[in-house]
Amino acid sequence: MQSEKKTEISTHYDLPKAYEFREVEQRWYAFWEEHKTFGATMEEGRDSFSIVIPPPNVTGVLHIGHALNNTLQDILVRYHRMKGDNTLWVPGTDHAGIATQNVVERQLATENKTRHDLGRDKFIERVWAWRAEKGGTIINQLKRVGASCDWDRERFTMDEGLSRAVREVFVRLYHEGLIYKGDYIVNWCPRCHTALADDEVEHAPTDGKLYHIRYPFADSSGHVVVATTRPETMLGDTGVAVHPEDERYRGLQDIGIRLPLTDRVIPVVLDHHVQREFGTGALKVTPAHDRDDYEIGLRHDLDRLKVMDDKGVMNENAGTYAGLDRFECRKRIVADLEEQGFLEKIEPYQHAVGKCYRCKTVVEPTTSKQWFVSVRPLADKAVDAVREGRIRIYPSTWYKTFYSWMDNIRDWCISRQIWWGHRIPAWTCGGCGGFVVAVDDPEKCDKCGSTDLTREGDVLDTWFSSALWPFSTLGWPDQTKELATFYPTSVLITSFDILFFWVARMMMMGLHFMDEVPFRDVYLHALVRDKYGKKMSKSTGNVVDPLDMIEKYGTDAFRFTLTAFAAQGREIKMDEDRIEGYRHFINKLWNAARFAQMHIKDCDPSITDVTQKTAALAVAHRWILSRMDATVRDVVAALENYNFNDIAASIYRFTWHEFCDWYLEWIKSDLYGDDETARDQARSVMLRVLETILKLLHPVTPFVTEEIWSVLPGDRSTIMREPFPEADDTLRDPEAVAVMDLVMGVISGVRTIRSEADVHPTRKVETVLLCPDPGKRDLLASFEGSIRAMTRSEKLTITESGSVPDDAGHMLFQDIEIVVPLRGLIDAEAELAKLDRDLVKLEKELRRVEGKLGNEKFLSNAPETIVAGERIKRDGIRVRIDKNRESAARLRKLL
């Protein structure tokens, strides 16, 4: 049992007819915050469960991915809190260096200012002011989703504690030889004016051109053709590479190449990197502007000639092209090559173009002095932890991708040429030229004693501070109680697209500095797409705004939808119709609770004690308790294994179909009857099952469950602190389940026949059950009253065998033939006429839709989402036509 101080919440009012979710959500969230119900506990002798929130950018607003991610986290947190674990969910935001600086720079632009007009210190003050004013937006929106984070522990990646941790990590890694500064080829964003790590560059197939250029031999005895997609970079060529065994170019290294459009002669180098079979087998080498060329240049000691500046403008090394934008320069270069006879041909060519993940500007590889983390020693530890099972990845399909990326990992460029972020704690000594790297600002050089120290102007990559998130948020480098209680964290839930941006780096840092994994499990959820499987984008107009959905359908319905869709390894196709459907589920629960409240509001909650003696209960009660126990087992297993969609499916099936549709209908005769014992049994079981449903549902739908819980009999604390249901072997009753399955199967069969024949709900029917098994006949006979009542049968005949009239509806359940004579129950001619009219309309609509789908112009010009919608419409009409014809065939038998 849990020992927290109970907070009285019982209200004892009659639930209104309609569930007014807006008022309920606002009231309960305010209550939870006021009473600190989300606060973590750190009690001895309890298991611990902890999650650190993937910190959203401080610039962010809630999108569908945030809603999914935080709903799944909240489900686990609420579950473990109810289990009685020491539970902590750490919230926070990321300072988002480039993104935040861009926001504030745009703000300055409206004032006709730049950051340089303010200077670094004033600009940083301006960003902090912006953060104070706007930075809480995403946090408030997370609260709308129902996130039960411990808000008193909210962190920011640039708060004082985390800043201290960042400096400590940088300094330690530097002195361990794992951080260094050096010349290297980096991804450069000319718009953001900063280097980007490899995983901050987005590559997408792009239609471009491949330019084939003649490079003449230095002695004018011939030429070699090279191909490039970036002809402007040829001005930085410092060599041509060929394969050492390529006979076509034997002796060419003694001659050299005259670079077109320049007066330079560049060497020919022999390198095994060159693919002889590709093109002409000759490769232009631009060490300052291509990663592979950079490596070739290192091997052959080629010059690195930069021909662009940091803005993507050609510099003085570009000669007559200096001052041109790189893309304008490309046009000029191509025109000049063609005019001077150097252009062999131009071909269409699709290739992957890298763009900045923030501003989408085409990235320019260039050489630059940057700070790097030597990641191989850190990566090896992370790979070992995963291979040894100390970190498990869900779904398991991601293991192969993880290993492949880690095996090919490059050193991590961690310096960024912006102002907003963690400034690198390194100083250059004017006396000896060495570096001073220290946690605290130094007063003098520790090598020569000079006080002439100049601090690095660059800041650290945002992901550097995020990589420390699991332990820095718990107080590291201090050895806090939180760190001892909650590290390693239990699970990380995040989107698969930041597996390498963030997840792998947290593994590296956690293992290196804590000598322990940062989390036991990693659950990677899919991206949320539109209902046709298309990526959501503003330009397409298919974005689902979570706040709009919450406002329209309520948080609980939205959360339940996200949970139902979250199957491991499957993309999530968000359909608003499904959200509306699950709102009906919330309403179904509400109406069931209203029905139950009418019968139990004056009861002592101890009436549920009677359910401990199941043998004395009627079979329907034993059945629902057994099915409840099975549902508890299914839900707990799904929670423990991150099968979120199974959580929703199990609860939905039990609540709607078994509790509401069957059990509540079944016990009405007891609740309204004169048998006091039967009535008390029904009330006690109904209350216990309803309480269990609310507890099972609470992690997924917290608001409606808290509201209903508060009006149930007795003095109640928040459902959030109630013990989560556990499996109970005493409730398992396969005999009762078998009996009820048989009886309900027969009842369902009669109902299906009535429905398919369109028998009016108030019309009484006669039902015949042809049952060869004498045991089943006796069993069904004992339920004659219930079967007749629930099928509206004025007569029920149960016999061993018999014939089935042509004008009867019939179906088979197990070995029982269910027969319902239909003659006289419906006006067959009128129903046939109606079906014929409907068929004409359906066939006309089908011809119209098929005409559109057969129109090549429509297929070529219409958005894919529209075309997909028409195909779904066509398939639906075909199903309706088939059902129409089946119904007509049955009716003709009655004529």
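Buried means under 20% relative accessible area, exposed means over 50%, and partly exposed lies in between, with a 1.4 Å probe and protein chains only. This is a predicted model: local features need pLDDT of at least 70, side-chain atom pairs count only at pLDDT 80 or more, and totals for chains, interfaces and linings use all residues. Residues are numbered from 1 along each chain as its sequence is written, and side-chain values use heavy atoms, with hydrogens and water left out.

**Whole chain**

Along its principal axes the trace spans about 110 × 65 × 55 Å. Colour by secondary structure: there are 29 helices and 30 strands. Helices (H or I, at least four residues) and strands (E, at least two) are DSSP runs, numbered from the N terminus. Of the 895 residues, 54% count as buried. Now consider contacts, meaning heavy atoms within 4.5 Å. Among those between residues at least 6 apart in sequence, 78% join residues at least 24 apart.

**Nonpolar cores**

A nonpolar core is a set of buried Ala, Val, Leu, Ile, Met, Phe, Trp, Tyr and Cys residues joined through side-chain atoms within 4.5 Å. Select Phe402, Phe464, Met509, Phe644, Phe659 and Met686: these have the most contacts inside the largest core, which has 208 residues. Centre on Phe659. Leaving out residues up to four places away in sequence, Phe659 touches Ala592, Ile624, Phe654, Leu664, Met686, Val689, Leu690 and Ile693. A second, separate core has 29 residues, including Leu235, Val307, Cys329 and Leu343.

Next, select helix 15, residues 499-514. Because 14 of its 16 residues are buried, helix 15 is largely enclosed by the rest of the structure. Just after helix 15 sits Asp515, with a positive phi of about 55°.

**Salt bridges**

A salt bridge is a side-chain nitrogen of Lys or Arg within 4 Å of a carboxyl oxygen of Asp or Glu. The structure holds 57 of them.

- Lys360 and Glu202: the side chains meet at 2.9 Å, N to O. Lys360 is in the loop between strand 14 (343-356) and strand 15 (364-373), Glu202 is in strand 7 (residues 201-216), and the two are 158 residues apart. Lys360 is partly exposed at 42%, and Glu202 is partly exposed at 39%.
- Lys776 and Asp815: N to O is 3.0 Å. Lys776 lies in helix 25 (residues 774-782) and Asp815 in the loop between strand 29 (808-813) and strand 30 (816-821), so the pair ties together parts 39 residues apart in sequence. Asp815 is partly exposed, at 34%.
- Arg878 and Glu850: the closest N and O atoms are 2.9 Å apart. The pair links helix 29 (residues 864-892), which holds Arg878, with helix 27 (residues 828-853), which holds Glu850. Arg878 is partly exposed at 36%, and Glu850 is partly exposed at 34%.
- Arg22, Arg144 and Glu551: these are linked in a network of salt bridges.

**Glu200**

Select Glu200, in the loop between strand 6 (194-196) and strand 7. Glu200 is buried, with a relative accessible area of 1%. Beyond its neighbours within four places in sequence, Glu200 contacts Lys355, Cys356, Tyr357, Arg416, Asp461, Trp463 and Phe501. Gly354 is 154 residues from Glu200 in sequence, yet 9.5 Å away in space, C-alpha to C-alpha.

Two cis peptide bonds come next. One joins Trp476 and Pro477, with omega about 15°; Pro477 lies in the loop between helix 13 (469-472) and helix 14 (481-486). Another joins Tyr487 and Pro488, with omega about 0°; Pro488 lies in the loop between helix 14 and strand 23 (489-495).

Then check two positive phi values. Ala96 has phi near 50° and sits in the loop between strand 3 (92-93) and helix 3 (97-109). Ala96 is buried, at 3%. Tyr642 has phi near 60° and lies in the loop between helix 19 (619-640) and helix 20 (644-666). Tyr642 is buried too, at 6% relative accessibility.
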